[in-house]
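Some notes on packing and voids follow, as numbered points. Please read them with the model open.

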Amino acid sequence: MTASNLFRPGVFSEVLYEKMKGINAGIEELELYEFRYGLNNLVPEDGGWASVALDAREDVEERIQGSDLYTGIQIKPRVGDRIVLDETIVRLTNMLFVGLVTGEYSEEWVRSHFYFDIRGFYFLTRTIYFTDSVVAHLGGEPFQRFEQRQRRFERHQALGYKEFKEANAQVDRAFIENVEKLVAAKGTPVVLAIAGPTAAGKTEIVERLRHSFEQAGRKITSIEMDNFLTDRDQREQKGIHTLGKEAIHFELFRQSLQAICRGYRITIPRYDFVYATSSHDLDGALKPGGVPIEVDSADIIFIEGNFPFLFEEVTHLIGIKVVYLTDDAIRLKRKWKRDIDYRKKYEPTYFRNRYFRNQPLMAQKCYRPQMQKCDLVVDTTGAAIWATPGIAEILRTS
């Protein structure tokens, strides 16, 4: 087939439709005309598909492994009064479409570096969580392996928690048993921190752990890291968001962990999520009229937050450190169902831009560093539990 024929809209979409079945099996659930609905939103206005220039694969790989690509993504670009997909994301998706059709990008290469979200109808980059250093920290191989039941979700456009929970039942049950063994071995009080990306199932597994401990007669409490945030105005003045020591009352956080580990009742800041203000000033003193939170000591103290053991100064105070992980593609399906369908939390295109931008950056800044410090990693997509050699030995002998 000549290049001129290949870029005719009808021919191009037919060829791409067949190629995309090898990229995402869910495409097989679409009729060709349904596939074209999504594709028509991305056709370049000037010159059509033939106008799309392809970058060399090595250049693409270098770009997606850095951070500049993601930090440059606009969350709310507009055309008129409408939020649109960031132009960098559009160009990347169109390059991959054209490269697949012309054969310059193989299906294997595209699958290894990108995944396609049908509902958003765009490509996102695959995040590598298990780097060589992470794997080395966790003993080189998983401590436990299970059947990979999340594979059944490949054709889904959105995913509810009930199916997600059922698919992860074996992994979750083993994880809860492992944590119970570690608590018994380490003694109480013990601080238990579970970090994990959005929609990985972190909140739900913490609730099930709490229930398990309460059933066993353990006293439970929790510390929410977001309550240690400083005033949003002060953070914005310094260009600080919510990640890092500078964003929180760090010294109060460290002192609070020290005290509660020793069995003391603690008083911590209270963050007003409506007005985005803290009960404490930047010096850590209670503001006039401020009302702090009192937290009683307990057998198990949960820390709730995205980066509980990111900081070296407090890592040693956290007795059990866990990263609860689910791959980005599965979490995106959960967020479509949870945050768009049920919670109506985001405008959909804003949501697409935000997810593309934030997930690789959070992996770089937050989750991979914590995976190099944690005791356990629960990988629900890979259906495996990873443990450091020392933790694995405790679990084997308990």
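1. Helices (H or I, at least four residues) and strands (E, at least two) are DSSP runs, numbered from the N terminus. Thr349 sits in helix H16. Thr349 counts as buried because its relative accessible area is 11%; buried means under 20%, exposed over 50%, partly exposed in between, with a 1.4 Å probe and protein chains only. Setting aside residues up to four places away in sequence, Thr349 touches Ile83, Val84 and Leu85. Contact means heavy atoms within 4.5 Å.

2. On provenance: this is a predicted model, in which local features need pLDDT of at least 70 and side-chain atom pairs count only at pLDDT 80 or more, while totals for chains, interfaces and linings use all residues. Residues are numbered from 1 along each chain as its sequence is written, and side-chain values use heavy atoms, with hydrogens and water left out.

3. The largest nonpolar core has 49 residues. A core here is a set of buried Ala, Val, Leu, Ile, Met, Phe, Trp, Tyr and Cys residues joined through side-chain atoms within 4.5 Å. Those with the most contacts inside the core are Leu16, Met20, Phe97, Val110, Phe114, Phe116 and Phe123. Helix H6 (residues 87-102) gives the most to this core, eight residues. Apart from it lies another core, of 44 residues, including Leu252 and Val377. In soluble globular proteins, nonpolar side chains tend to be buried together.

4. Look at Phe123. Leaving aside neighbours within four places in sequence, its contacts include Met20, Phe97, Val110, Phe114, Phe116 and Phe356. Phe123 also belongs to one aromatic cluster, with Trp49, Phe97 and Trp109 among the other members.

5. Rings of Phe, Tyr and Trp (its six-membered ring) pair if their centres lie within 6.5 Å; planes under 30 degrees apart are stacked, over 60 edge-to-face, the rest tilted. Trp49 and Phe97 are edge-to-face, at 6.2 Å centre to centre and 80 degrees between the planes. This pair links distant parts of the chain, 48 residues apart: Trp49 is in the loop between helix H3 (32-40) and helix H4 (57-65), Phe97 in helix H6. Trp49 counts as buried because its relative accessibility is 4%. Phe97 counts as buried at 0%. Tyr346 and Tyr350 make a tilted pair, 5.7 Å centre to centre with 45 degrees between the planes. Both Tyr346 and Tyr350 are buried.

6. Now the voids. On a 1 Å grid over the protein atoms alone, a cavity is a set of points where a 1.4 Å probe fits but cannot get out, and a pocket is an open set with protein on both sides within 12 Å along at least five of seven lines; lining residues have an atom within 4 Å of a point. Grid points are joined across faces, edges and corners, and a volume is the space filled by probe spheres set on the points.

7. One cavity reaches 30 Å³ or more. The largest cavity has a volume of about 40 Å³. Its lining includes Tyr115, Asp328 and Phe356. H16 gives the most to that lining, four residues.

8. The second largest pocket has a volume of about 740 Å³. It is lined by 25 residues; Arg126, Asp327, Ala329, Ile330 and Thr381 lie nearest its centre. The largest share of the lining, five residues, comes from H15.
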